[in-house]
Amino acid sequence: MIEIAQNYIGGKWQSAESGDQFPSYNPATEEILAQAPRSTAADVEAAVQAAKQAYPGWRLTPAPRRGELLFRVAQILADRKQDIARLMTQEMGKPLAETGGDVQEAIDMAYYMGGEGRRMLGYTAPVEMPNKFGMALRDSVGIVGLITPWNFPVAVPSWKMLPALIAGNAVVWKPSEDTPLTSAAFVKVFEAAGLPPGVLNLVTGLGDAGAALAANPHVRVISFTGSTETGLKVYTQAASLGKKVTLEMGGKNAIIVMDDANLELAVEAITWSAYGTTGQRCTATSRLIVQSGIKSQLIEALVEKARTIKIGNGLEDGVMVGPLVNAKGREKVERYVEIGRNEGAKLIIGGQRPDFDKGFFYNPTLFSEVSRDMRLAREEIFGPVLSLIEVKDLNEAIEANNEVSYGLSSSIFTENVNAAFRAIRDLTTGIVYINHGTTGAEIQFPFGGTRGTGNGMREAGLVGLDSFMEWKSVYVDYSGRLQRAQIDTDAILREQ
Ligand code: UN1
């Protein structure tokens, strides 16, 4: 049965004004799962107007009350976790255990940000004059626009939406066209928790709907996660209108394996980080930087381990690797495998589709003899393709890690504490792991990357509110006379 997804604007579920729709497919079966509103600038404008109306009331709702609402969101999400996970697996393909984990990240974030309702700390500091008081407060920004991807269709939006809401903003959300039903299921959680109409609005559609959001003059903040190509377009558009923008645009993450590594542990971690989620995480491992002495043993163990990977429909028990999200995603992987072959890399495993009738599946793939200047070693593929680069020592490993144009996540396997601490100091990614793969970031810490991964902003953790708040510095002079801080200081000191 084909479901009909809807927009949520001003608390009402509705189709696009034009009535147009686009299809969303199940990538494991290639069947149409849903038809969703193909929104245009007119729908985005309607959502922005609804947000504008709702914003003043939400902003003045005491933050602890907003926090309690987020706690309710956490509880309802926990109750609906299995159902949302199932829907997500059908829409974007990753296995049930992973889609459950995706929802769990949003539950964690709802509790974390709910707690911010009773913190959201400002500060006071001493001031230059007597009988005067100074403090810095934080306030919401207004209407924020969120543009999010399909690979973490609940977790990634939650990192944006929950801080935006606890801070008192109103939100317009344009999710990926691959996950309209999951997006609607997430919004229904807020509806059930009692969020006032218009505070959170959902507008589904294609790229033109996202572009309309970035271009809307009432939207003061854009928070984007997705491809570099789209992200830079959104950034340019939004920046030309003076908006604050947060960008998270992918990676070319590496695991470094030193000769002294715990081999078994490294193999487990590499397999999971490179092939879990079918390699479609911005944190996925796509480069393996290996010290010469352990290379042949490592390859052998990885090949052995790859034999145990079950590929299939993520709804089935024991499946570790689901399909790519869509035909385009798989074509990209196939293109890069071809590029790798032509560049002279050596194919060790994979390099082809499994023998299934349906679905956008691709076998976990490993290339060795990859040199640092190959496109295979530098460009984001977003699929289950891992490239092994051989190095002689830690310095060369760190240099290889740091030279790509992305800087999201990196990892080192070593039993040497000195090497581990040097890696912590010198790896120039936003996230660094020691003896753990490159995936699995937790919401208590800043998430984001250096270089082409983003624009210097971070999500989650202590700084997760920064994108969605303004500072307001307040001075209260209770001296009863005009005190001029920069001019009168000497005179006041003389008087005393
Ligand atoms: C992403 O791929 O955009 O660290 C997010 C991880 C997950 C989030 C990934 N917690 O792999």
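## The second largest pocket

Strand S7 (132–140) gives the most to the lining of the second largest pocket, with five residues. Here a pocket is an open set of points on a 1 Å grid over the protein atoms alone, where a 1.4 Å probe fits, with protein on both sides within 12 Å along at least five of seven lines; lining residues have an atom within 4 Å of a point. Strands (E, at least two residues) and helices (H or I, at least four) are DSSP runs, numbered from the N terminus.

Helix H1 (41–60) and strand S22 (469–477) also supply at least two residues each. There are 15 lining residues, and nearest the centre lie Met120, Leu137, Arg138, Asp139 and Met469. The space amounts to about 260 Å³, counted as that filled by probe spheres set on the points, which are joined across faces, edges and corners.

## The largest pocket

The largest pocket holds about 1500 Å³ of space. Its lining has 49 residues, with Trp150, Glu177, Ser227, Thr230 and Lys328 nearest the centre. Elements giving two or more of them include helix H7 (228–240) and helix H10 (327–343), and H10 gives the most, with seven.

Domain 1 (3–249 + 454–473) and domain 2 (253–434) each contribute at least three residues to this lining; the bounds come from an automatic or database domain assignment.

## About the model

This is a predicted model: local features need pLDDT of at least 70, side-chain atom pairs count only at pLDDT 80 or more, and totals for chains, interfaces and linings use all residues. Residues are numbered from 1 along each chain as its sequence is written, and side-chain values use heavy atoms, leaving out hydrogens and water.
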